[in-house]
Amino acid sequence: LSPLVGQGRGTASALTIHITHLTHHLTQPQIMNVLLIVDPQNDFITGTLPVPGATAAMDYITAWTREHHAEYDAIIITMDQHPADHCSFEVQGGQWPIHCVRFTVGAALYPPLADVIMDLKRKGMNVLFIPKAMTRQKDAYSAFHDAVPDLLMNAMRVDIAGLAGDYCVKSTIEDLRRLLHITEIRTIDQGIAWIGEPQPLL
């Protein structure tokens with residue numbers, strides 16, 4: 001299914017979502033909707049590893065989060081938090097420029113989104129930050145390769161946005177489909193930017 005929710009273009013109400021249905025075997029199902037934002041960090045937007053279209057995508061998901069937060073029981077944000085000599089960096093023999101080094105401005109959340117998230121957290125929203133790729137020897141496009149937090153295990157629907165569609169968002173969705181027994185995974189397409197050409201994620 002590929003329903004179009006809302007009307008118009010360029011607004012947070014216009015959301016193309018692709019839905020995949022998975023069989024769930026929860027003994028005590030809990031109705032929980034989760035917004036999952038993958039790596040909305042400065043270096044991927046305006047920093048050392050900018051993803052084309054990232055500013056527009058992050059502005060969209062910022063507006064979406066502000067306007068639709070009441071639809072969610074929790075918000076999860078994954079974040080690269082690399083050591084300075086991480087194996088993924090070109091200077092260490094890896095593929096990428098130095099990016100998202102822990103405790104630097106480049107690793108911080110996109111400021112407009114951070115403002116919205118922190119305001120919601122102060123008002124009682126359940127917000128979970130999940131760091132990844134924190135050791136020198138191991139890279140991780142997804143924060144959920146080995147396990148998922150209980151918050152996601154209890155989810156009945158997960159809406160996903162973030163950076164970049166062809167790397168960390170794709171890997172995150174693959175791991176969620178492998179590890180979770182949930183009803184729906186949905187992509188917020190306007191809130192995803194790509195390094196290459198966009199491809200179906202579900």
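These are my notebook entries on what I looked up in a predicted model of one protein chain.

**Ground rules**

I treat this as a predicted model, in which local features need pLDDT of at least 70 and side-chain atom pairs count only at pLDDT 80 or more, while totals for chains, interfaces and linings use all residues. Residues are numbered from 1 along each chain as its sequence is written, and side-chain values use heavy atoms, with hydrogens and water left out.

**Entry: the fold**

I looked up the secondary structure, taking helices (H or I, at least four residues) and strands (E, at least two) as DSSP runs numbered from the N terminus. The protein chain has four helices and eight strands, and along the sequence they follow the pattern β-β-β-β-α-β-α-β-α-β-α-β. Of its 202 residues, 50% count as buried, where buried means under 20% relative accessible area, exposed over 50%, and partly exposed in between, computed with a 1.4 Å probe on protein chains only. I then turned to contacts, meaning heavy atoms within 4.5 Å: among those between residues at least 6 apart in sequence, 76% join residues at least 24 apart.

**Entry: the aromatic rings**

The structure holds two aromatic pairs. W96 and Y167 are edge-to-face, at 5.1 Å centre to centre and 90 degrees between the planes; this pair links distant parts of the chain, since W96 sits in the loop between β5 and α2 and Y167 in helix α4, 71 residues apart. Y141 and Y167 are also edge-to-face, at 5.5 Å and 75 degrees, and because Y141 lies in the loop between β6 (126-132) and α3 (150-153) while Y167 is in helix α4, the pair ties together parts that are 26 residues apart in sequence.

**Entry: cavity and pocket**

Grid points are joined across faces, edges and corners, and a volume is the space filled by probe spheres set on the points.

By this rule I found one cavity of 30 Å³ or more, and the largest cavity has about 150 Å³ of space. It is lined by 16 residues, of which F44, L49, W96, Y141 and C168 are the closest to its centre. For the lining classes, Ala, Val, Leu, Ile, Met, Phe, Trp, Tyr, Cys and Pro count as nonpolar, Asp, Glu, Lys and Arg as charged, and the others, Gly among them, as polar; the cavity lining has ten nonpolar, three polar and three charged residues.

The largest pocket holds about 190 Å³. Its lining has 14 residues, with K138, A140, S142, A143 and D146 the closest to the centre, and by class there are seven nonpolar, three polar and four charged residues.

I placed T172 in helix α4 (residues 165-179), where it is buried at 0% relative accessible area. Leaving out residues up to four places away in sequence, T172 touches L36, V38, Y141, S142 and F144.

Q81 is in the loop between β5 (74-80) and α2 (111-122) and is buried at 12%. Beyond its neighbours within four places in sequence, Q81 is in contact with residues including Q41, C100, R102, P131 and A133.

**Entry: backbone**

Most residues other than glycine have a negative phi, and most peptide bonds are trans. I noted that D39 has a positive phi of about 50 degrees although it is not a glycine; D39 lies in the loop between β4 (33-38) and α1 (54-68) and is buried at 0%. A133 likewise has a positive phi, of about 55 degrees, and is buried at 8%. The peptide bond from L163 to A164 is cis, with omega near -20 degrees, and A164 falls in the loop between β7 (157-163) and α4.

Terms used. On a 1 Å grid over the protein atoms alone, a cavity is a set of points where a 1.4 Å probe fits but cannot get out, and a pocket is an open set with protein on both sides within 12 Å along at least five of seven lines; lining residues have an atom within 4 Å of a point. Rings of Phe, Tyr and Trp (its six-membered ring) pair if their centres lie within 6.5 Å; planes under 30 degrees apart count as stacked, over 60 as edge-to-face and the rest as tilted.
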